[in-house]
Amino acid sequence: MKRLLLIIIIVLIAAGALAQETYYSIFSYTHYIPSVLINDRSVSLQNDLYPQWYREHSAVRDMRWVRQNDSSLISFWETQGDTVLHILCELSGIEWQESDIDLHLVRYFPSLGSSEPLVIPLGGIMTGALIEAVPTDKRFQLNLVYQLSKRMLAQTVQPRYNINLGIANHPLMRPGPYRRDNLAMLLAIATCENVLGIDSTFDAFQSAWWQRQAPGQEILERHFLQQWILTPDQTLADWIAKEPYGSHLVALTRPPRPPQQTITKPPKR
């Protein structure tokens, strides 16, 4: 009898622990999310990015290299991909409008990636004859979430989706490293904190590699990360909507104006 009572108590404690873990989750995971189709055979895309380079090199060989080195990304996406898409939706306050997204993996790309189309380089960032290797750890996973964040925010300004959130015309939603890119990084960091952990996300973003890739990092850290805390109840769309168009933050993130050229009139004859 005592043994049976002990078993019942243990079962009740375990059930209570599980109930608490579910109860305290801040995410509902009930929103619609698109299917992400990983394409690691984009030979034509890789060739079109660097037509001069691939006159002397093989795009087929480089894509074979991609298939041999994309196992960590595929593993991450298979275990965490749906979670990432759900959290992006709940923290942004924006619904996914696409039914499926093609994720193109290439070896080389001119930048750290692209959100439209969704392209992630596995080998490096190639500009001219220079190739900068891309990281393969948490910094790489942050980049993937960042590109998805940019794609999500871009939905609000694309007429084909007709999203009426009232933020599409906000100055902070205009493209650029100090505005929409910073908003996308803010959303990516908040998402990764719930997927990778706070310490891993902080170490990745503070790395020397990301400091070189994010020109608006100082503004992001000082005026967004410390002020705009994203939750399902206070989403990124909520923060944008309540920011006045003429605020100090809008003025601070205005792109620098190009220097004025002095036009010298020719002397009169």
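**View 1. Crossing of helices α6 and α9.** In this predicted model, the axes of α6 and α9 cross at roughly 65° and come within 10 Å. That angle makes α6 roughly perpendicular to α9, since angles of 65 to 115 degrees are counted in that class. The crossing in which α6 passes α9 is right-handed. On the α6 side the contact is made by N182, L183, M185, L186 and I189, and these meet I219, L220, F224 and L225 of α9. Sorted by class, the contact of α6 with α9 comprises 8 nonpolar residues and 1 polar residue, with no charged residues.

**View 2. The buried face of helix α9.** Within α9, which spans residues 217-225, the buried residues are Q217, I219, L220 and F224. Because these buried residues fall within an arc of 150° when seen down the axis of α9, they line one face of the helix. The elements that cover the buried residues of α9 include α6 (180-195), α7 (198-205), α8 (208-213) and α11 (248-252).

**View 3. Packing of helices α4 and α5.** Helix α4 (residues 71-92) packs against helix α5 (residues 138-155) at an angle of about 40°, and their axes lie 11 Å apart. The angle therefore makes α4 oblique to α5, and α4 passes α5 in a right-handed crossing. From α4, the residues L73, F76, W77, V84, L85, L88, C89 and S92 meet F140, Q141, L144, V145, L148, S149 and M152 of α5. By class, this contact of α4 with α5 has 12 nonpolar and 3 polar residues, and no charged residues.

Conventions
Residues are numbered from 1 along each chain as its sequence is written. This is a predicted model: local features need pLDDT of at least 70, side-chain atom pairs count only at pLDDT 80 or more; totals for chains, interfaces and linings use all residues. Side-chain values use heavy atoms; hydrogens and water are left out. Axes are lines fitted to C-alpha atoms, for helices over the stretch in contact, and angles run from 0 to 180 degrees between N-to-C directions. Helices (H or I, at least four residues) and strands (E, at least two) are DSSP runs, numbered from the N terminus. Angles under 35 degrees count as roughly parallel, over 145 as roughly antiparallel, 65 to 115 as roughly perpendicular and the rest as oblique. A crossing is left-handed if the near helix is turned anticlockwise from the far one by less than a right angle, and right-handed if clockwise. Contact means heavy atoms within 4.5 Å. Ala, Val, Leu, Ile, Met, Phe, Trp, Tyr, Cys and Pro count as nonpolar, Asp, Glu, Lys and Arg as charged, and the others, Gly among them, as polar. Buried means under 20% relative accessible area, exposed over 50%, partly exposed in between (1.4 Å probe, protein chains only). The arc is that of the directions from the helix axis to the C-beta atoms.
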